[in-house]
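Please keep the sequence and the 3D view at hand.

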Amino acid sequence: MKCKKCGFEWQSYGEALACPSCGGQTVLTQSEKQTLWEEAHEAEMIKDYDLLAKCYYELAEQGDERAAYSYAECLYNGVGVKANAEESVFWYRASARRMYPAAAYRLSVLLGDDTRFGDSKKQSFFWLRVAAELGDSDAAVRLAQVYEKGDGVDASHRHALFWLMKAAKAGHGGACLSLSKSYFDGNGVEKDLAAARYYARQASDAGLRGKLASLLFSFGDSREPAEITLPTREEDRVSLGKEAEAAGEYAIAASLYFYAARGGNADATYRLGTFYEEGRGVPKSLPEARRRYGIAARADHPEATLRIARFLENGTGGDKDLSLARQCYEKLEEMNVAEGAYLLGEVYRQGKDVPVDFPHALRHYRKAAALGFKKAETALEELKVTADGIYERAVSLEERGEMKAAVKEYRTAAEMGHAASAYTIGSMIEKEATKIEQRKEAVSFYRVSAEGGHIGGIYRLGLCYSRGYGVARNYANANSLLTIAAKKNYEGAAEELAVLKARKYRRTARRFYSISSVLYRKGKVAEAIKFRNIAAKLGSARAMFMLGCHLEFGDGVAPDRAKASAWYTRSMELGFDPARSDLKGGFLRARKKLLLTKKNIV
């Protein structure tokens, strides 16, 4: 290429259109390009191949894909220039990169068949797929043959038929003949003579007619068969797009992602968004990137959701929307995306569109850290260092008797997740609590303390669950927390755990005793005695007393006054008093019934 300003000459290879010497642009006008094409046409007519190759070269240097393909043909066949297969491959590739189907197919054939380029089967198959995707019918037929034979890929009749149909629709006679034979023989598809005749006539229209096609064409009705579809069609395009992206063929990758995205593939939509964001293979457009990310995010694509959240938070490619960005981060956390949980923690830590809330920030940081996100671990460490300093200041204030200021500092540190501060402030609130709201607040601080591993906080939270203090009674949670405290030999934890277990057994015993009472009223005495035995073993004094009655009067069992006396004694040791007024309507009535039954028997 020659600069119009300074006369400097260089090879641009269709890429560097700015003069390396003066920096001036050397782009030809449309009329100048048209003149070169006319000269090329005239040179071809008069067989002036030197001029023809020169015209193609000048246009190819300007980035014209058709001229690049034509110049590559000249180089490969030695027309107007010295034959040079290696350089021809360069120009075929340059043309193919600009989405010229014939160049992609020719490049595939050269890389696959010409031994001078070594073992390039992988590259050959890549460009063959690209050419077929770009609409080259010869490439589609060749790709169908590859799938039919399983040459380097898994054999697939369906894929072969799909690409043959693509070529047939483009008017490829050979594809029509192949399809006609497939439907006539039922090879890889259900036998269909009408479909075979349809493709035989298509082949005839394309100028081809084999013996079978001639026979089929001569008689019978024809019908176009249903289109073959591929369940992995969009995934195949995305896979090919990724290969193109890895090879630096961004324009091709963008085109493949575009068609896959149009088919509803979320990953392709996201990747196309990255191309628009970075200006790879397509003009840079942040609004378009934002739109693509939004579409993919609605399909729950994690990376796209993260990108659109960042765009919304920073106002990239459109207006800021911190509320929607926070919703995206929450969605990411639900999908266990560590960075999303961390960024949600940042939202609450910095108060972005929400009040500053350290407990919420800590919760999200911990989730991100548990998922292995290093920044979350760093954030937790920073908060811990800050909280430690506030706690030390609070202790100092308390020692000097400045309780009001100390409480304020304890509360600040507790909100930042400091376990000792949370325990201290929780204890202070509990001592003065007179309302349910105050109890709930104390429990919330104990919970923060317990989450931070403070043994006192664990014990107090266990007590709250055990006694229903400021929180719904939950024996499972209480047992878990008190067990931890007991193992650490925390004072009072073992005794409280024993009380909790006894209470748990008493509740179970009451249920068994209630069942026994229902069975007894229904006259199922033997079964009632079984359940009362279970309730007695679990510590039910009532069940012990009633077992004594059964044994004393022989109700459902053989009389045994010694055993009856033992049960009576155990029930009294547990504080059972059969003379209590609230029992007169129950146990005494039951005992009287047993006495009357005994007299009737006697």
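Which residues of H2 are buried? In this predicted model, they are Leu-52, Ala-53, Cys-55, Tyr-56, Tyr-57, Leu-59, Ala-60 and Glu-61. Helix H1 (30-45), helix H3 (65-77) and helix H4 (85-97) are among what covers them.

Helix H2 takes in residues 49-61, 13 residues in total. Just after H2, Gly-63 has a positive phi of about 95°.

Tyr-199 sits in helix H10 (residues 193-205). Its relative accessible area is 5%, which is under the 20% limit, so Tyr-199 counts as buried. Apart from neighbours within four places in sequence, Tyr-199 contacts Met-165, Ala-168, Cys-176, Leu-179, Ser-180, Tyr-183 and Pro-225. Of these contacts, Leu-179 is 20 residues away along the chain, with a C-alpha separation of 6.4 Å from Tyr-199.

The largest pocket has a volume of about 410 Å³. Its lining has 15 residues, and those nearest the centre are Lys-121, Ser-124, Phe-125, Val-146 and Asp-151. Helix H5 (101-113), helix H6 (121-133) and helix H7 (137-149) each supply at least two lining residues. The largest share, 5 residues, comes from H6.

The lining of the largest pocket divides by residue class as follows.

| Class of lining residue | Number |
|---|---|
| Nonpolar | 4 residues |
| Polar | 5 residues |

How values were computed: Residues are numbered from 1 along each chain as its sequence is written. This is a predicted model: local features need pLDDT of at least 70, side-chain atom pairs count only at pLDDT 80 or more; totals for chains, interfaces and linings use all residues. Side-chain values use heavy atoms; hydrogens and water are left out. Helices (H or I, at least four residues) and strands (E, at least two) are DSSP runs, numbered from the N terminus. The expected span of a helix is 1.5 Å times one less than its number of residues. Buried means under 20% relative accessible area, exposed over 50%, partly exposed in between (1.4 Å probe, protein chains only). Contact means heavy atoms within 4.5 Å. On a 1 Å grid over the protein atoms alone, a cavity is a set of points where a 1.4 Å probe fits but cannot get out, and a pocket is an open set with protein on both sides within 12 Å along at least five of seven lines; lining residues have an atom within 4 Å of a point. Grid points are joined across faces, edges and corners, and a volume is the space filled by probe spheres set on the points. Ala, Val, Leu, Ile, Met, Phe, Trp, Tyr, Cys and Pro count as nonpolar, Asp, Glu, Lys and Arg as charged, and the others, Gly among them, as polar.
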